[in-house]
Structures are given as structure tokens and as C-alpha cells.
Amino acid sequence: MPNLKDELHSSGWSAGCTCFDNITTKRNKLILPCLISSRIYVVDVGSQCRAPKLCKMIEPVDVFWKCNKGYLSVVHSLPNGDILIANMGDPAGNGKGGFIVLDGETFELKGNWENECEAPPTGYDFWYQPRHNVLISSAGLVPKRAGRGFNPDDFKKGVFGRRLNVWNLSCRTLTQCFDLGEDSLPLSVKFLHNPDAAEGYVSCALSGIVYRFYKCEANNWAVEEVIRIPAKDVTGWIMPKMPAFIVDLIISTDDKYLYLSNWLHGDIRQYELSKTCKPRLVGQVFVGGSILRGGPVAVCRDEELKCQPEPLVVKCKRVYGGPSKLQLSLDGKRLYVTNSFYSTWDKQFYPTLVKEGSVMLQIDVDTEKGGLTVNKNFLVDFGKEPNGPCLAHDIHFRSGDSTS
């Protein structure tokens with residue numbers, strides 16, 4: 001990319017979504033909004049997939065002046081072909097939720113998506129279901145505070161979001177808000193893939209809780225807690241309790257399994273989704289994290305594990321950092337994971353990761369009985385990039401994956 005310190009965090013295709021009734025578009029343009037600079041790149045990956053070309057760049061000043069928004073995060077294409085990008089703050093870095101819109105053909109910045117209504121205090125991720133005329137968004141963090149790193153003194157100061165927002169998709173208005181608890185930090189939001197299903201899940205990073213949201217009578221929505229990952233009592237860490245920090249949540253395309261990445265503890269979890277709405281843990285594997293045996297952190301009390309996990313070595317490379325973004329193949333058998341969450345937080349919690357560069361690993365999935373295994377024959381080492389070491393985050397398949 002032509003600029004430094006953009007923080008390319010999330011990515012999305014200019015068109016194509018599994019919840020559309022008729023998919024005739026091609027994934028030939030990659031949209032790259034920037035979390036720190038608020039710049040937007042449009043990259044042509046269709047003409048020559050091995051030689052992508054930058055075909056448009058929207059400068060931060062345009063986003064600031066036209067939308068009064070900044071700190072751009074998750075991107076998805078809308079049913080009408082336009083591109084929707086969530087934001088975390090205003091140009092000054094104060095918390096401010098909402099969305100901006102790009103024209104799906106020209107990629108011109110059209111303005112804000114939501115109608116004039118109360119903007120959520122913060123924003124981060126979103127997902128929608130056209131057949132139920134609903135969009136649901138998560139809270140995220142206050143950018144100018146989160147950009148300094150994780151600070152325990154920020155608890156109870158409104159830095160970490162706590163709301164799940166329900167929007168009317170066609171009217172672009174906020175209809176319901178759920179308070180998921182102080183400093184819960186809801187990040188990842190996913191609906192079931194079945195376009196008729198009016199339910200999905202949201203993961204809360206700091207509370208370690210996953211909520212199921214679902215449609216009730218009279219078009220109202222409700223939430224219920226379905227998964228809780230307990231914190232661990234530790235020494236040698238920034239706090240006496242290490243929370244489960246859930247960065248990502250994805251659902252297999254057959255709606256059979258749900259996967260979580262626990263960035264601080266270091267494990268990936270596989271849950272079987274059932275008609276009882278109570279997910280069952282069927283697979284777990286550690287791919288790094290802060291509680292590995294031999295590290296500076298000692299676990300004093302653990303409700304789940306009897307001993308601290310062993311470090312992971314793949315193809316003679318020691319893996320540092322914890323699992324961050326996930327991506328699943330359409331057949332559900334190959335789960336890919338990167339281990340960079342956000343550069344400032346990477347430097348704070350996993351300095352060796354920043355020094356040596358991140359990796360992408362493949363986790364083999366048992367789709368019949370459940371179960372996860374690290375594939376020891378697969379490693380993408382971003383520490384060996386020519387202009388590296390690099391920190392890898394978001395993953396997409398051109399041919400389609402569990403989130404596109």
C-alpha cells in the first residue's frame with residue numbers, strides 16, 4: 001500500500017453475500033477500510049489476481065468532512081449493491097457508532113447510512129438479514145483510548161462498549177438496544193447462514209460471554225447468554241484475572257458449528273449448534289496465547305484446565321501470540337487463523353509476535369463428530385515478507401468462505 005500506519009484491519013468484497021436471493025456478481029474488487037487513518041482503498045484483484053492494482057483511494061479528509069466519521073472497521077456489501085462500512089469514532093477519536101456508504105459501482109463516498117437519529121456511543125462489527133429487514137451491530141471501543149493500548153484503569157469509564165444495536169434495514173433507523181453489561185466489549189456479530197433464520201450470535205471480548213439474539217413476536221428481538229468462558233486467576237500479568245478475550249466468531253455455512261478465537265488464553269473453540277439453542281463444546285485447540293507453559297504468566301486457578309498448555313511449533317517455527325481472526329472453507333473442513341489483533345495491543349501483549357511477524361495456521365476440522373487439530377504441514381510466515389515482519393489479520397477466499 002502507498003501509505004504507512006493505516007492499520008488495515010478488516011476487508012470485504014465489493015459485491016456478493018450468501019444471504020442474497022440471487023448472486024450474479026463477482027468478487028473482483030477488495031474494499032480495505034483503515035482503522036487508524038480512516039482511509040479507504042479499493043483494490044482490483046479480478047483483472048490479475050497475482051498482481052492486484054489500486055484502483056481508488058478515498059482520503060481521510062473526505063470521510064471526516066462528508067460524514068463526520070472515522071476509524072473505519074468492518075465492511076459488507078448491501079442488497080442494493082452499495083458498500084456499507086462501520087466506524088468506531090468521530091474524526092477526533094471519540095466514540096461514535098454508525099456507518100458510511102460507498103457507491104457499489106463508482107466507489108464514490110455517498111455519505112452516512114443511518115438516518116438522523118441517536119448514533120450509538122461506539123461501533124465495530126455488523127451483520128444483516130434482508131428477509132427480516134434487520135441489521136445488528138456491535139459496540140467496539142473508543143478509538144483514541146484503545147489506540148494507547150489496554151489499560152485496566154479504563155474499566156468503568158466507557159472506553160469498552162457494552163451495547164448490541166438493532167436497526168431497521170430499509171428505514172436505516174435504530175429500533176432496539178441491548179445493554180450486555182459494563183465493559184463487556186461486544187465485537188463479532190454473525191447471523192445464521194439460513195436466510196430464513198431470524199437468529200445469530202454476538203461474542204463479548206472482555207466478559208467472555210456469547211449471546212444468542214433472536215426474533216420474537218411483533219418483530220421485537222431478544223438476547224440470551226449461551227456461552228461463558230471463565231477468566232483465569234494469574235500472576236505475572238497486567239491484572240490478577242485474565243479474561244477470555246474473544247476476537248472473532250464464525251459459523252459454518254451449514255449452521256452446524258460455531259467457532260471462537262480466544263486471543264489472550266490462546267485457544268480456538270468449536271461448538272455444536274443445536275435446536276435447544278445451547279451450544280455444546282466439541283473441539284478445542286491451543287495455538288499460542290499468554291498462559292503457555294514456561295512463559296512469564298503462571299495460572300493460579302483455572303476452572304477448565306488442569307495444567308498450562310504447551311507452546312506450539314509448526315514447521316520449526318515457534319508460534320507467538322494468540323488466535324485472532326478466523327476463516328472457514330465452504331466445506332467446513334479447513335479453519336484458518338491469524339494471530340495479530342491490533343498493532344498497539346500486539347506490542348503490549350505479544351512483543352515477540354511484532355518482532356518476528358505473525359503467522360497463518362490451518363486447523364483441520366472434524367465435521368462429523370467435532371474436533372480440531374493443528375495441521376503441522378501448513379504455515380504462512382509473515383515474518384519473512386520482503387518488507388516485513390508483517391502483522392496479518394483478516395482472511396478471505398476469492399471463491400467464497402464462511403463470511404462472504
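What covers the buried residues of α1? I found that the cover includes β3 (40-44), β4 (53-58), β5 (70-77), β7 (99-102) and β8 (109-112). For the record, contact means heavy atoms within 4.5 Å. Helices (H or I, at least four residues) and strands (E, at least two) are DSSP runs, numbered from the N terminus.

Before going further, a note on the source: this is a predicted model, where local features need pLDDT of at least 70, side-chain atom pairs count only at pLDDT 80 or more, and totals for chains, interfaces and linings use all residues. Residues are numbered from 1 along each chain as its sequence is written, and side-chain values use heavy atoms, with hydrogens and water left out.

Helix α1 (residues 60-67). I see Pro60, Val63 and Cys67 buried here. Down the axis of α1, these buried residues fall within an arc of 75° (taken from the directions from the helix axis to the C-beta atoms), so they line one face of the helix. Trp65 and Lys66 are exposed on the other side. My cut-offs are under 20% relative accessible area for buried, over 50% for exposed and partly exposed in between (1.4 Å probe, protein chains only). Asn68 follows α1 with a positive phi, near 55°.

Ser188. I found this residue in strand β13 (residues 186-191). Ser188 counts as buried because its relative accessibility is 2%. Its side chain reaches the backbone nitrogen of Leu249 at 3.3 Å. Leaving out residues up to four places away in sequence, Ser188 touches Asp125, Tyr201, Val202, Ser203, Val247, Asp248 and Leu249.

Terms used. A polar contact is a pair of N or O atoms within 3.5 Å; within protein, one must be able to donate a hydrogen and the other to accept it, and residues adjacent in sequence count only if both atoms are side-chain atoms.
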